[in-house]
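Reader: I would like to go through a structure with you, step by step. Could you begin with any term I shall need?
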Amino acid sequence: MERRRAPAANRRYRQRRFWDALYRQDGAEPREWLGGLSRFLPQLEAELRPGDRILVLGCGNSALSHDLYELGYTDVTSIDFSPACIAAMRTRYAHCPGLRWAVMDIRALAFPDAAFDVVLEKGTLDVLMVEETDPWDVSPQATAAMHRVLAEVSRVLRPGGCFISITFAQPHFRKPHYAQEAFGWSLRHAACGDAGAFHYFLYVMRKGQPLDAPDLALGCRLHQSPPPPDPPPPPASPDNEDYLLAIQL
């Protein structure tokens with residue numbers, strides 16, 4: 001069966017020129033996807049330690065990196081694939097010497113192995129899914145792109161470090177991608193959000209700890225082929241049809 005296509009407008013979210021145009025227009029004026037730091041600060045602070053080397057993926061013009069800096073987490077590297085974004089953020093926060101900014105593709109991180117204690121993303125990985133139309137049946141292309149990014153995250157995390165992902169993606173859709181034994185981390189999640197509002201999810205992956213058996217099973221199912229559709233019922237034979245007709249008469 002041919003896959004349904006996502007709306008053409010969704011494709012723009014994966015294009016650098018769309019984001020460059022947006023950031024040239026908005027500059028570094030903060031724009032928050034999924035809300036600001038205060039929304040999930042209690043859950044986040046439980047995972048952070050003073051002196052942590054923190055990497056923020058797809059920083060955009062969110063104030064997240066600066067807000068962490070103001071809270072005392074002063075070793076923060078933020079990356080985005082938009083040169084316009086990074087130029088604007090570097091200028092806006094030039095007064096914060098511990099904040100570093102770099103143009104970089106999250107699929108190919110230009111950092112050595114075990115360079116960070118914490119890798120953090122807020123809505124960035126959702127961009128990899130914008131062209132998907134069925135969250136129960138993600139395309140091989142999107143699955144491979146997600147795997148490539150997560151493999152890079154695992155590589156740059158030190159043993160004992162953690163990857164924190166904040167997203168609207170519900171556990172039954174996102175956990176299979178995160179629960180891959182090859183990444184060498186454990187996985188847990190918590191729901192966040194205000195009462196009566198949309199909830200989002202904070203996933204924590206701890207490098208060097210094993211996956212629980214149920215999560216490991218979820219990860220294994222991600223790469224299994226879907227079962228074939230049930231065959232159509234066989235047509236009724238003419239003899240049977242005549243017999244049923246005779247009964248009705």
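Predicted model: local features only at pLDDT ≥ 70, side-chain atom pairs only at ≥ 80, totals over all residues.

Reader: Thank you. Which residue of S3 is the bridge partner of Ile-79?
Author: The partner of Ile-79 is Ala-102.

Reader: What lies across S2 and S3?
Author: Helix H4, residues 83-92, lies across them. The helix runs at about 160° to S3.

Reader: And which strands does helix H6 touch?
Author: Helix H6, residues 171-178, packs on the sheet and touches S4 (116-122), S5 (157-167), S6 and S7 (200-206). Its direction makes about 20° with that of S7.

Reader: In what order do the strands of the sheet come?
Author: The order is S3-S2-S1-S4-S5-S7-S6, so written for an open sheet of seven strands with mixed pairing. The edge strands are S3, residues 99-103, and S6, residues 188-192, each of which pairs on one side only. From one strand to the next, the twist averages 20°.

Reader: May we turn to the helices? At what angle do H5 and H6 pack?
Author: Helix H5, residues 140-156, packs against H6 at an angle of about 60°, and their axes are 9 Å apart. That angle makes H5 oblique to H6.

Reader: Which residues make that contact?
Author: From H5 come Thr-143, Met-146 and Leu-150, while H6 contributes Arg-174, His-177 and Tyr-178. The residues of this contact divide into three nonpolar, two polar and one charged.

Reader: A change of topic, please. Where does Ser-62 lie?
Author: Ser-62 is in the loop between strand S1 (54-57) and helix H3 (64-70).

Reader: Is Ser-62 buried or exposed, and why?
Author: Ser-62 is buried, because its relative accessible area is 8% and buried means under 20%.

Reader: What lies 3.0 Å from a polar atom of the side chain of Ser-62?
Author: The backbone nitrogen of Leu-64 lies at that distance of 3.0 Å.

Reader: Finally, how many helices and strands has the protein chain?
Author: The chain has eight helices and seven strands. Of its 249 residues, 44% count as buried. Among contacts with a separation of 6 or more, residues 24 or more positions apart account for 72%.

How values were computed
Residues numbered from 1 in each chain as written. Heavy atoms only, no water. Pairing = 2+ DSSP bridges. Helix = DSSP H or I, 4+ residues; strand = E, 2+ residues; numbered from the N terminus. Axes fitted to C-alpha atoms, helices over the stretch in contact; angles between N-to-C directions. Contact = heavy atoms within 4.5 Å. Parallel < 35°, antiparallel > 145°, perpendicular 65-115°, else oblique. Nonpolar A, V, L, I, M, F, W, Y, C, P; charged D, E, K, R; others polar. Buried < 20%, exposed > 50% of the residue type's maximum accessible area, 1.4 Å probe, protein only. Polar contact = N/O pair within 3.5 Å; in protein donor to acceptor, adjacent residues only side chain to side chain.
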